[in-house]
Amino acid sequence: MPDSYYVTTPIYYVTDAPHIGHAYTTVTADAVARWHRMAGEDVRFLTGTDEHGLKVQRSAEEHGVTPQEWAERTSRRYEEAWELLDISNDDFIRTTEPRHHTAVTKILEACRANGDIELRRYEGLYCVSCEGYYTESELVEGNCPIHHRPVEHMEEENYFFLLSRYEDRLLEWYETHPEFVRPRSRRNEALGFIRGGLQDFSISRTSITWGVPIPWDPSHVTYVWFDALTNYLTGAGYGSDDEEFAHWWPAVHLLGKDILRFHCVYWPAMLMSAGIEPPRNAYVHGFLLVGGEKMSKTTLNQIAPADLVADFGVDGFRYHFLRNQPFGPDGDFSYEGMVARYNADLANNLGNLLSRVSTVVARKCGGVGPAPDPGSELGVLTAEVFDRAANAWADVQPSAALEATWSLIGAANAMLEKAEPWKMEPGPEVDRVLGDALEVLRIVGLLAAPAIPSSAAEIWRRIGLGSDPSAAGLEAAGWGGYPGGLEVEKGKPLFPRIGGRGNRS
Ligand SMILES: [Zn+2]
């Protein structure tokens, strides 16, 4: 039985519209899932939408529809965005589904049976957008530190999860699982939260009706975290299929640093309380900044993925965010930077290699691709590049994986410039040079497939390989696999250069 790999994105709140911040996490999870599938692992990739809570209830009222209708309509926008971006999720979880109600009920009962849930009176400063309480000291100039909006004074009776009981157990878990939170800087941040002392947190509301009722007290509705985080269990079969769940759990979570505390502190404690193993990993990325400001509705820096896809194509979009924004630190997005990266890496480096090779094969080899030299120096480099890429993908560092992959393309271009096969007479020397370049294209088609799946498949088609690199898998990545004797097609530029703002030249 192959290893199982269960990777998730956060579920996205349906009151937001899909923007490039959501797309960044989702494309990363998709590329990672694709890499693991190509490595022969049994992969499950989950994304979905968070559909409960006060904001959805209020938005639905404003639009004169039921919360269910509002959730249907807005959830669909995410599914459409992911279809557009070639996202290969195996499942799409919606927190309004019956299977999710079952899972939430089950985990709440388990935590309660363990004595970790208690009814208390609560008052505090509440941010409607976060659906969370803040202490006075956490506010920034009296406003929510995330939304920069005023908070409301709220008072109600809530059920609490006794997080404070888990301080030592969490620290021990971090100690024995040093790779739990990645990258390391984010692990230190999470440890800082735990060492700073843990507060019990509220898990129910009586002021909201739109949500999963607390099973033993239906006058309360489950509030955000027990509802939202539990989606990861639901998506693996928790509460509906024990065998499935045992196969997939624990999960690998991808998330942004704004929800680090909930995923890296609350969540493992909730799972421990319910007798479930904490996640295998939490990979935490920084904010995507546009002109120095985090993109969000409030800053008007919202950019829909479709707008960029219109200019750069689906693979151009995917490549940019995977390559340009290393996973972990904050990243800057600019349109000009996207044009520059596209032209340098896709149009020039990869696109040129393909068009040069196919042009010279047409002129010097009658359009039939020769086989590579088994002893080529590029073969040695390929093995190194493969190891670097594999380690980087395994650690959710697509940028480093693609940097390694592109170094191979750069080496093949340099080899061609040095050998200048276009100036040679047809013969064994031309065949050797072009065979090596074709072999690099074949291997790059494999290594780049998680990032640019359709373009990788198109590269393979043009060099005469009758299959899809994503299906061929990484076993095929060793040097010497290009058989030679295949027809090579001279096609249009795979990545046409982009001139000014959105004008393809
Ligand atoms: Zn807030």
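Start with the largest nonpolar core: buried Ala, Val, Leu, Ile, Met, Phe, Trp, Tyr and Cys residues joined through C-beta atoms within 7 Å, buried meaning 20 or more other C-beta atoms within 10 Å of a residue's own, with C-beta atoms placed from the backbone. Of its 144 residues, select Val7, Met270, Val357, Leu434, Ala437 and Leu441, which touch the most other members. Then color helix α15 (residues 428-448), the biggest giver to this core with twelve residues. Helices here are DSSP runs of H or I, at least four residues, and strands are runs of E, at least two, numbered from the N terminus.

This is a predicted model: local features need pLDDT of at least 70 and side-chain atom pairs count only at pLDDT 80 or more, while totals for chains, interfaces and linings use all residues. Residues are numbered from 1 along each chain as its sequence is written.

Next, click Val357. Setting aside neighbours within four places in sequence, Val357 is in contact with Leu434, Ala437, Leu438 and Leu441 (contact: C-beta atoms, placed from the backbone, within 7 Å).

Now over to the open sheet: six strands, ordered β3-β2-β1-β12-β13-β7, with parallel pairing (a pair needs at least two DSSP bridges). Strand β2 (residues 42-50) joins β3 through four bridges in the parallel sense. Zoom in on Thr49, and you'll find Arg94 of β3 opposite.

Last stop: select Phe312, Gly316 and Tyr319, among the α11 residues that meet α12 residues including Gly337, Met338 and Arg341. By class, this α11–α12 contact has five nonpolar, four polar and three charged residues (nonpolar: Ala, Val, Leu, Ile, Met, Phe, Trp, Tyr, Cys and Pro; charged: Asp, Glu, Lys and Arg; polar: the others, Gly among them).

Technical notes: Contact = placed C-beta atoms within 7 Å. Buried ≥ 20, exposed ≤ 12 C-beta atoms within 10 Å, placed from the backbone.
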